[in-house]
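This briefing goes through one protein model by topic.

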Amino acid sequence: MKCLIIDDEPLAQRVLEKYVSELSSLELKGKCSDAIEAMEVLQQESVDLIFLDINMPRLSGINFLKSYKNPPMVIITTAYTEYALESYELNVLDYLKKPFSFERFLQAVQKAEEKVKAVAEPQETTKDELEYIFVKANKKTININLDSIQYVEALGDYVKIFTNDGHVVTYQSLKGIERLLPSAKFYRIHKSYIVALAKIKSIEGNMVHMDKGTIPIGNNYKQGFFQRIHPV
């Protein structure tokens, strides 16, 4: 997703830029110090997602949203809580109160990703209803039953899909495979690993034990993962 940062605080811009750089799904198209400057950028650049501060000179983030007829997806980033209700009435995706962690930032971005996926996927069949995926390997197209997948490992420009019967190596990014897998059954716990939740045998410290191996939990994914398996 192409994204734009609109914030008049240099430190806040740097934090957001660092967070964006951590995610391969995001491409930063620019940083603006106020909404007027952002309007000029948006006339030249097409973006999918805006990280928007509220208290800015010349034009507030709220008034910027009100003036924009068809804005891209918006995630509010602000030090104030009193604008939350008004911003949600303007259909923002999420409201991040500064200072916020990378984990909280990641949760907000995942909402944007889910919205993009919902638009892109055929309405008659959802990913959660799929029973298999097709991947290319060894000059063949192979059908892999989702229930047989243990975990997926990134290997540069390839991924290695570990199944109950062995493994398959396919020319694909981990992000590409993640888009194919239903989020109800699979979760990314590390920049290099996606696991099948049903195949987890136990969790010990920062390690997930599976039938076919032991997988590390990345620091940037830990909070979201434990919230997922312990939602209460």
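Asp 211 sits in the loop that links strand S14 (207-210) to strand S15 (213-216); helices (H or I, at least four residues) and strands (E, at least two) are DSSP runs, numbered from the N terminus. The model is predicted, so local features need pLDDT of at least 70 and side-chain atom pairs count only at pLDDT 80 or more, while totals for chains, interfaces and linings use all residues. Residues are numbered from 1 along each chain as its sequence is written, and side-chain values use heavy atoms, with hydrogens and water left out.

**Asp 211**
- Asp 211 has a relative accessible area of 49% and is partly exposed; buried means under 20% relative accessible area, exposed over 50%, and partly exposed in between (1.4 Å probe, protein chains only).
- Apart from neighbours within four places in sequence, Asp 211 is in contact with Gln 150, Lys 199 and Lys 201, where contact means heavy atoms within 4.5 Å.
- Asp 211 and Ala 38 are 173 residues apart along the chain, and their C-alpha atoms are separated by 50 Å.

**Whole chain**
- The protein chain contains seven helices and 15 strands, and its C-alpha trace spans about 60 × 40 × 30 Å along the principal axes.
- Of the 232 residues in the protein chain, 44% are buried.
- Taking contacts between residues at least 6 apart in sequence, 50% join residues at least 24 apart.
- The chain has 29 positive and 31 negative charges, and the mean positions of the two sets are 5 Å apart. Lys and Arg count as positive and Asp and Glu as negative, without His and the chain ends; each charge is placed at NZ of Lys, CZ of Arg, CG of Asp or CD of Glu.

**Annotated domain**
- An unreviewed UniProt entry gives the annotation "domain: HTH LytTR-type" for residues 133-204; UniProt positions are in the numbering used here, feature names are shortened, and annotations may be inferred rather than shown by experiment.
- Residues 133-204 are 10% helix and 61% strand, with the end C-alpha atoms 30 Å apart.

- The unreviewed UniProt entry places "modified residue: 4-aspartylphosphate" at Asp 53.
- Asp 53 lies in the loop between strand S3 (49-52) and helix H3 (61-67), and counts as buried because its relative accessibility is 3%.
- Not counting residues up to four places away in sequence, Asp 53 touches Ile 6, Asp 7, Asp 8, Gly 61, Thr 77, Thr 78 and Lys 98.
- Asp 7 belongs to the loop between strand S1 (2-6) and helix H1 (10-21), and is buried at 0% relative accessibility.
- Beyond neighbours within four places in sequence, the contacts of Asp 7 include Cys 32, Asp 53, Thr 77 and Lys 98.

**Cysteines**
- The whole structure has zero disulfides, a disulfide being a pair of cysteine sulfur atoms within 2.5 Å.
- Cys 3 is in no disulfide, and the nearest cysteine sulfur is that of Cys 32, 11 Å away; that distance is too far for a bond.
- Cys 3 is buried, with a relative accessible area of 0%, and Cys 32 is buried at 1% relative accessibility.
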